[in-house]
Amino acid sequence: MPFADSDGTSIYYERHGSGPAILFVHGSGGHHAAWWQQVAALRDEFTVVTVDLRGFGKSDSSMPEFDGQDFPGDLVAVLDKEDLTDVMLVGQSIGSVAALRAGLTRPERVGSVVLGHSLGSIAHPELTELAKADRAEAVKLPVIDRLLTKQFQQERPDLTFLFNQMGTFNVAKMADLRNLDTNGPTLDEIKASGLKVAFLAGEKDAVLSVKTVRRAHELVEGSHLEIVEDAPHSMYWEVPEKYNAAVAKLRRLFTTQKEAA
């Protein structure tokens, strides 16, 4: 089983397929296996890498506490171990924060970052207030209703059960990830890096509104925006065909842009 060393911490990851590289970064309730519907669909065209951040899945979880500021380094360790370049990092929710910071840390390896259902902790007062207002509405709902639609929960109780079970394999919890959301990059820092950024949002996301994501897209010069109809916060799980199509579209776009440059 492949492990990368992140400053003495063993980080589990998997590599599938071949072609332009996509590395998926899970959110607070996920781990490498959460991407089962993406790996199977995308590995014939792309190199698909999945990873467990420290405290999640098969990665080292023995430390007494977890610091979210260490997560970007876990991703960099995998990129270095596999010697990957022009990678598109795809984050899910708070995993997008780690993805953006890893991309800014290693632009020679990361060509683009897709912020899925997240603003990536971009430091901007207007975006901070918009996201805060969205969270205030989200916390009024049960956790599962923030992540999956009620219709899906009713029609697919099996996949809803499995979705909930995914988090039971993790030692780290949401509280351990919150520190990652501090001291985020500024718009100027993102622009200066040359990193390509895309926002991937669900029309029915109960955690982060489309309005907020659209505003972030407007502020991040040169960014791309993909809004998927009838998709919730955990789009990758509930509507994988739509999610996979959006991810593949962005990976092809960034590959074409690099070849034309």
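The expected span is 1.5 Å times one less than the number of residues.

This is a predicted model: local features need pLDDT of at least 70, side-chain atom pairs count only at pLDDT 80 or more, and totals for chains, interfaces and linings use all residues. Residues are numbered from 1 along each chain as its sequence is written, and side-chain values use heavy atoms, without hydrogens and water.

Several α2 residues are buried, including F71, P72, D74 and L75 (buried means under 20% relative accessible area, exposed over 50%, partly exposed in between, with a 1.4 Å probe and protein chains only). After α2 comes D83, with a positive phi near 55°.

Now take helix α12, residues 240-260. Its 21 residues should span 30 Å, and its end C-alpha atoms are 30 Å apart, which agrees. Its buried residues include Y243, A246, V247 and L250.

Next, the aromatic rings. Rings of Phe, Tyr and Trp (its six-membered ring) pair if their centres lie within 6.5 Å; planes under 30 degrees apart are stacked, over 60 edge-to-face, the rest tilted. The count is 9 aromatic pairs. W35 and Y243 are stacked, 6.3 Å centre to centre with 25° between the planes. W35 sits in the loop between β3 and α1, Y243 in α12, 208 residues apart. Both W35 and Y243 are buried. F56 and F71 have centres 6.3 Å apart and planes at 70°, so this pair is edge-to-face.

Technical notes. Helices (H or I, at least four residues) and strands (E, at least two) are DSSP runs, numbered from the N terminus.
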